[in-house]
Every structure is written in C-alpha cells, then in structure tokens.
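Open your viewer and load the model. This tour goes from the whole chain down to one residue.

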Amino acid sequence: MTLEDTTGDKTAPDDYLERRALRRGSAGWLLLTGLGVAYVVSGDFSGWNIGLSKGGFGGLAVATVLMGAMYACLVFALAELSAILPTAGGGYGFARRALGTWGGFLTGTAILIEYILAPAAISIFIGDYVESLGLFGLESGWPVYLACFVIFIGIHLYGVGEALRFSLIVTAIAVAALVIFALGALSGFHVDSLNDIPVDGEAFGSNSWLPYGLLGIWAAFPFGMWFFLGVEGVPLAAEEAKDPVRSMPRALALSMGILVLLAVVTFFASTGARGSAAIQEAGNPLVVALQGDGDPTTLSRFVNYAGLAGLVASFFSLIYAGSRQLFALSRAGYLPRFLSLTSRRKSPYLGLLIPGAVGFALAAGTGNGARMLNIAVFGATISYALMALSHIVLRRREPELPRPYRTPGGVVTSSVALVLAASALVATFLVDKEAAFIALAVYVIALAYFAFYSRHHLVAKAPEEEFAALAAAEAELERD
C-alpha cells in the first residue's frame, strides 16, 4: 500500500526533458568519492565538539558510534537504491517508488531543507574564518557571504565536471590537513585529558566518562552526526556519473570509510591533546587543541587555513546537492517546473541561483549559523528515516526487482538506520527546540503547497515518475 496520488497533470511539451538535461558521464567513482567526503569534511574542523558540552567525552563517543552506524547502514541501503534508480532525484526518487507521491515529496522537501540551510550556515563560518585569519583585512559580514555564493555558484554554472574537480582538489587539501593535525596533536596525547569535564552529580548515570549522564548520549546525537552529515547526497549525482550502477555503490562505501577514519583520529587527537573541557565550546577546536591559550604555531596556522579549505569544500558540494534535488523535484512537477531548466552547459541555472539567493538572504539577515545548521539537521533526520523506510518497503513489496548491488544484511541493515534516524530526530528537540519548530513550520507550508497545487500538476515524463508508473502497471498486471 503506498501513499499514491493519480490525479496529477500528465501533460508536458515534447521537448520538456530536452530542456532539462544534465551532462551525463561527467563523474567517475573518484570524483563521486571526493564529493561524498567534501559534503562532510567541514564538520571535522568545527561543530562536533559542542557535543562534548552535551554528553562529555563518553557521551559524544557513544553518540558518534551510534550515528556512524546509522550512516553506514543508510549508505549501504542507498547504494542498493541508487543502483536500481540512478537519477538526479536521489532520496526523493527512492521514496517516490516505495511510498508514492506523498512519500516522495516528504523526502525531497526534507533533503532540500538540509541542503539549502547548510550552505547558508557554512558561509557564515567562512566569514568568521576569513576575519580570524585577517585575510585581506575583511570582516565577517554580507560582502564575504555574497562573494562565497557568487564565486562558487559561478563555477557550478560553468560545468559539473569542472565543479567536481575543483571540489576534489579542495577536499584533498582539507583531508591532508586533518592527517597532519592528528600527527601533531597525538604527540601530546594524554588519556586523563579525555574525561576532564566536571561531573553533574544530579544527572542519572553520571560519571567521569558520562558527566551529563545517560541522557547526555542522546543529546549528543546531532553532534555525532556532524562527522558524517551530507554523505547521503552522493546519489544526487547519479545522472551525471559514469556507469552509476557500478560507481555509485563504490563511491558511497569509500566515502564512508574515509569519513569514519577521519572522525576517529580527529575526535581522539583533539580531546587527548588539550582536554575535552578546553575545546567543548571552541569555534576552532583543532586550533585550540594545538595551541591552547598560547601563541599561534606554524602547525596551528596551517590547520586554521586548512579549516577554511574544509569549509569551502563542504559549502561548494552542498550547493551542488541542493541544486540537483531541486532540479529533480521541479522536473517532476513537485516544485515549479521552470526551476529545472538547464543551460547550454547542462547546468540547472535557476536551481543554483534561487537557492543561492535564499541562502545568502538567510546568512546576511540572521548571522546565526548554528541555528541554521540545527534546522538542517532536523530536515536530514526526516529524510534518513524515509529513505531507510523506502529500502524496507521495496525489499518487501518488490523482491524480484533487479538489484545490481544488494545491501549487506538486507532489511535488518535499513531497519537499524530507521530506528537510529528516528532517535536522532527526537534528539534535535533536546538540542534546539526553536530550530526544530522552525523547520517543522517550513515543512508544513511546503506540504500545503503540494496538497493544494503541485500534486495535481506532476509530470509523467520525469524519470522518477516513469519508474513509479512502470511499477504500478506491473502490479496491476499481476493482480489481473
């Protein structure tokens, strides 16, 4: 049983898809792997450490392990789904097949919330880094945010191949810097520094490793996610990938493996070098771990500049992900169709420019990067739960569907992802209730638009819609 809607407008001009075509074969497994790491790498440089103030070292460590397990299970499920349906729709396309039009829109909207809000937040962090490093005498503010959006959207407009190669280079610099940081920080590693946060004696189950008790583990979930947040966006590049059936599962697995290694070395090196208490509120925890309150060192300066590279890599790749999700939803009629028009260079120019304008307005108007990231996390956790559910439904309902890649563990794996994603969604209310309710309000407005308008104007020619229609026809034949 699906949440299907068959009342849509099935008409579209003959050249509809020709005017909405992406450049195919632009990305092999290496560029896709780089894209997966680029989505996430900024989270290694900052943000995760705030989880220490929620759960202490032990609480954040357990939360990171659980969230790492959630992402690993989700990535295995997505690898199977992306091999079945290699289109730009990504999570929306998977949910559309499994859960119907409502499920597809719910998933796609949640992903859009994540990928529009996260770049806006990161542009603010880039401004902070530019100011702290004294680059060109600039201060953090709207001119820096505008420059970020103009320069990096411009590269995306030039072409996807060029954009992904740029992303790979910047990401490689950031990853190399994390390795160098770890080698430097581990030279001053002390086990006693890990659990130096004072214990809250009133918290249930509190001790030196869990200073905020067992509830602190749950409250640290959103920050454990920051080591992996965004890797699920790799399937959005499926239509532009070389041999996506083979390259997509490989890139997802490699990306996740690299991110796990980076999370482990960054987490232990930072807390062990300076202490959990010293870095729990730091805006640049890796730099604080290296120099503390002392003068900057050559290594700490290098890491500071590399942190800027990591932010640029994530900002750049998240713009790409958001544009492709918006493109797919628009092409299928869930959002206004004109948003999916592509240029002569096969770039969805309005899908880049309009979210960019929204992101810049949010960054310049609020200046609150942490709040926007919390809203992005809320959207992400909803999409994870729905994508995991989609894998379960398709395995149960369509066991004979050709699967070039099969998820290890099958529905057990995706069930683990579903349970942990639901737990992380609830945890967002523990961290920032206002951000969660803001995201919920945006979600409700989007759903009203779908309920009263766009579900009646869907485009049957869109790949995700054709795929779902084929499934419905096959099911009808089986019933007959």
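Start with the whole chain. Of its 480 residues, 60% count as buried, meaning under 20% relative accessible area with a 1.4 Å probe, protein chains only. This is a predicted model: local features need pLDDT of at least 70, side-chain atom pairs count only at pLDDT 80 or more, and totals for chains, interfaces and linings use all residues. Residues are numbered from 1 along each chain as its sequence is written, and side-chain values use heavy atoms, without hydrogens and water.

Switch to cartoon view. Helices here are DSSP runs of H or I with at least four residues, and strands are runs of E with at least two, numbered from the N terminus.

Now show C-alpha atoms. They fill a box of roughly 70 × 50 × 40 Å along the principal axes.

Next, look at contacts (heavy atoms within 4.5 Å). Among contacts in the chain with a separation of 6 or more, 83% join residues 24 or more positions apart.

Select Trp48, Tyr71, Ile126, Phe181, Met225 and Tyr384. These have the most contacts inside the largest nonpolar core, which has 155 residues. Such a core is a set of buried Ala, Val, Leu, Ile, Met, Phe, Trp, Tyr and Cys residues joined through side-chain atoms within 4.5 Å. Helix 4 (residues 91-133) gives the largest share of this core, 23 residues.

Last stop: zoom in on Trp48. What is Trp48 in contact with, leaving aside neighbours within four places in sequence? Its partners include Phe223, Trp226, Phe227, Phe267 and Pro285.

Definitions and conventions: Buried < 20%, exposed > 50% of the residue type's maximum accessible area, 1.4 Å probe, protein only.
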